[in-house]
Amino acid sequence: FEDANDFISENIEKGILPVISVPIEYVDAVKNGIKPHTTGIGDRIIAGTIGRDPYMPSKEGRKLFKIHVLPTQIEPRFTGHDKHFHGVVVFRGPIPPNAMEEF
(Lines give C-alpha, C1' and ligand atoms only; values in the text may rest on other atoms or scores of the structure.)
Protein backbone atom coordinates (compact mmCIF):
# COMPACT_ATOMS: atom_id res chain seq x y z
CA PHE A 1 0.00 0.00 0.00
CA GLU A 2 2.82 2.39 0.90
CA ASP A 3 4.67 1.73 -2.39
CA ALA A 4 1.49 2.47 -4.34
CA ASN A 5 0.93 5.73 -2.46
CA ASP A 6 4.57 6.70 -3.11
CA PHE A 7 4.09 5.97 -6.83
CA ILE A 8 0.98 8.19 -6.91
CA SER A 9 2.69 11.05 -5.04
CA GLU A 10 5.84 10.90 -7.19
CA ASN A 11 3.83 10.98 -10.43
CA ILE A 12 1.70 13.94 -9.34
CA GLU A 13 4.83 15.82 -8.19
CA LYS A 14 6.30 15.24 -11.70
CA GLY A 15 3.13 16.65 -13.27
CA ILE A 16 1.75 13.27 -14.33
CA LEU A 17 -1.89 13.56 -13.36
CA PRO A 18 -4.51 10.86 -12.99
CA VAL A 19 -6.82 10.43 -15.98
CA ILE A 20 -10.49 9.54 -16.27
CA SER A 21 -12.09 8.37 -19.50
CA VAL A 22 -15.73 9.32 -19.98
CA PRO A 23 -18.15 7.89 -22.56
CA ILE A 24 -18.93 10.51 -25.24
CA GLU A 25 -22.63 10.56 -24.31
CA TYR A 26 -21.79 11.80 -20.78
CA VAL A 27 -19.23 14.50 -21.66
CA ASP A 28 -21.75 17.35 -21.33
CA ALA A 29 -22.90 16.04 -17.94
CA VAL A 30 -19.38 15.84 -16.49
CA LYS A 31 -18.81 19.51 -17.23
CA ASN A 32 -20.63 19.97 -13.91
CA GLY A 33 -18.16 17.65 -12.17
CA ILE A 34 -18.21 13.95 -11.42
CA LYS A 35 -19.83 12.18 -8.47
CA PRO A 36 -19.21 8.58 -7.43
CA HIS A 37 -21.36 6.08 -9.32
CA THR A 38 -22.02 2.37 -9.02
CA THR A 39 -19.56 0.15 -10.87
CA GLY A 40 -20.02 -3.32 -12.31
CA ILE A 41 -18.97 -4.81 -8.96
CA GLY A 42 -21.41 -2.69 -6.97
CA ASP A 43 -19.01 -0.14 -5.44
CA ARG A 44 -19.88 3.58 -5.61
CA ILE A 45 -16.58 5.10 -6.79
CA ILE A 46 -14.85 7.33 -9.30
CA ALA A 47 -12.00 5.36 -10.85
CA GLY A 48 -9.17 6.50 -13.07
CA THR A 49 -5.58 5.67 -13.91
CA ILE A 50 -2.16 7.15 -13.28
CA GLY A 51 1.12 6.17 -14.91
CA ARG A 52 -0.61 3.81 -17.35
CA ASP A 53 -2.96 3.97 -20.32
CA PRO A 54 -6.51 5.06 -19.50
CA TYR A 55 -9.50 2.78 -19.91
CA MET A 56 -10.46 3.02 -23.61
CA PRO A 57 -12.66 0.14 -24.81
CA SER A 58 -12.36 -0.31 -28.57
CA LYS A 59 -16.09 -0.20 -29.34
CA GLU A 60 -16.90 2.92 -27.33
CA GLY A 61 -16.02 6.54 -28.01
CA ARG A 62 -14.60 8.27 -24.93
CA LYS A 63 -13.07 11.61 -23.95
CA LEU A 64 -10.11 11.88 -21.59
CA PHE A 65 -9.79 14.24 -18.66
CA LYS A 66 -6.70 14.95 -16.58
CA ILE A 67 -7.73 15.43 -12.97
CA HIS A 68 -5.91 18.07 -10.92
CA VAL A 69 -5.77 16.63 -7.40
CA LEU A 70 -3.45 16.32 -4.46
CA PRO A 71 -2.05 12.86 -3.71
CA THR A 72 -4.23 12.77 -0.58
CA GLN A 73 -7.37 13.04 -2.74
CA ILE A 74 -6.87 9.67 -4.43
CA GLU A 75 -5.96 6.20 -3.31
CA PRO A 76 -4.63 3.12 -5.06
CA ARG A 77 -7.03 0.41 -6.14
CA PHE A 78 -5.67 -3.12 -6.05
CA THR A 79 -6.94 -4.94 -9.13
CA GLY A 80 -6.31 -7.88 -11.41
CA HIS A 81 -6.04 -11.54 -10.62
CA ASP A 82 -3.08 -10.77 -8.36
CA LYS A 83 -4.86 -7.94 -6.45
CA HIS A 84 -1.87 -5.60 -6.86
CA PHE A 85 -1.58 -1.96 -7.77
CA HIS A 86 -1.53 -1.55 -11.56
CA GLY A 87 -2.05 2.21 -11.83
CA VAL A 88 -5.80 2.23 -11.12
CA VAL A 89 -6.85 4.87 -8.62
CA VAL A 90 -10.02 5.85 -6.80
CA PHE A 91 -10.88 9.48 -6.13
CA ARG A 92 -12.07 10.49 -2.67
CA GLY A 93 -15.29 12.43 -2.99
CA PRO A 94 -16.69 14.21 -6.02
CA ILE A 95 -14.49 15.89 -8.63
CA PRO A 96 -15.36 19.56 -9.19
CA PRO A 97 -15.46 20.84 -12.78
CA ASN A 98 -12.51 23.19 -12.18
CA ALA A 99 -10.29 20.16 -11.40
CA MET A 100 -10.95 18.57 -14.82
CA GLU A 101 -8.91 19.27 -17.95
CA GLU A 102 -10.12 17.70 -21.19
CA PHE A 103 -7.35 16.64 -23.58
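Predicted model: local features only at pLDDT ≥ 70, side-chain atom pairs only at ≥ 80, totals over all residues.
Residues are numbered from 1 along each chain as its sequence is written, and side-chain values use heavy atoms, with hydrogens and water left out.

β6 and β7 run antiparallel and are joined by five bridges. Two strands are said to pair if DSSP finds at least two bridges between them. The strands themselves (E, at least two residues) and the helices (H or I, at least four residues) are DSSP runs, numbered from the N terminus.

What lies between the two strands of this hairpin? There are four residues there, and in this hairpin G80 takes a positive phi near 80°. K83 also has a positive phi, of about 55°, although K83 is not a glycine. You'll find K83 in the loop between β6 (74-79) and β7 (84-91). K83 counts as exposed because its relative accessibility is 59%. As for the cut-offs, buried means under 20% relative accessible area, exposed means over 50%, and partly exposed is in between (1.4 Å probe, protein chains only).

## β1 under cover

Now for β1, which covers residues 19-23 and includes S21. This strand is mostly covered, with five of its five residues buried. Which way do the side chains go? V19, S21 and P23 point one way from β1, while I20 and V22 point the other way, and all are buried. Take S21: with 12% relative accessibility, S21 counts as buried.

The partner of β1 is β5, and the two pair in the antiparallel sense over five bridges. Across this pairing, V22 has K63 of β5 as its bridge partner, and P23 stands opposite R62 in β5. S21 and K66 are 45 residues apart in sequence, yet their C-alpha atoms are 9.0 Å apart in space.

β5 also pairs with β8, again antiparallel, this time over three bridges. In that pairing, K66 stands opposite E101 in β8.

## Salt bridges

How many salt bridges are there? The count comes to four, where a salt bridge is a side-chain nitrogen of Lys or Arg within 4 Å of a carboxyl oxygen of Asp or Glu. One of them links E102 and K63, with 3.6 Å from N to O. E102 lies in strand β8 (residues 100-102) and K63 in strand β5 (residues 62-67), so this pair ties together parts that are 39 residues apart in sequence. Both ends are partly exposed: E102 has 36% relative accessibility, and K63 has 32%.

Another salt bridge joins R92 to E75, and the closest N and O atoms are 3.0 Å apart. R92 sits in the loop between β7 and β8 and E75 in strand β6, so the pair ties together parts that are 17 residues apart in sequence. R92 is partly exposed at 46% relative accessible area, and E75 is partly exposed at 29%. There is also a salt bridge between E60 and R62, where the closest N and O atoms are 3.0 Å apart.

## A negative patch

Which residues form the negative surface patch? The members are E2, D3, D6, E10 and E13. Patches are made of residues with over 30% relative accessible area and no salt bridge; like charges are joined within 9 Å, and nonpolar side chains (Val, Leu, Ile, Met, Phe, Trp, Tyr) within 5 Å. Asp and Glu count as negative and Lys and Arg as positive, while His and the chain ends are not counted. The place of a charge is taken as NZ of Lys, CZ of Arg, CG of Asp or CD of Glu, and accessible areas come from the Shrake-Rupley method with a 1.4 Å probe, where for residues only the protein chains shown count as cover.

D6 is one of the patch residues, and D6 lies in helix α1 (residues 2-13). Because its relative accessibility is 37%, D6 counts as partly exposed.
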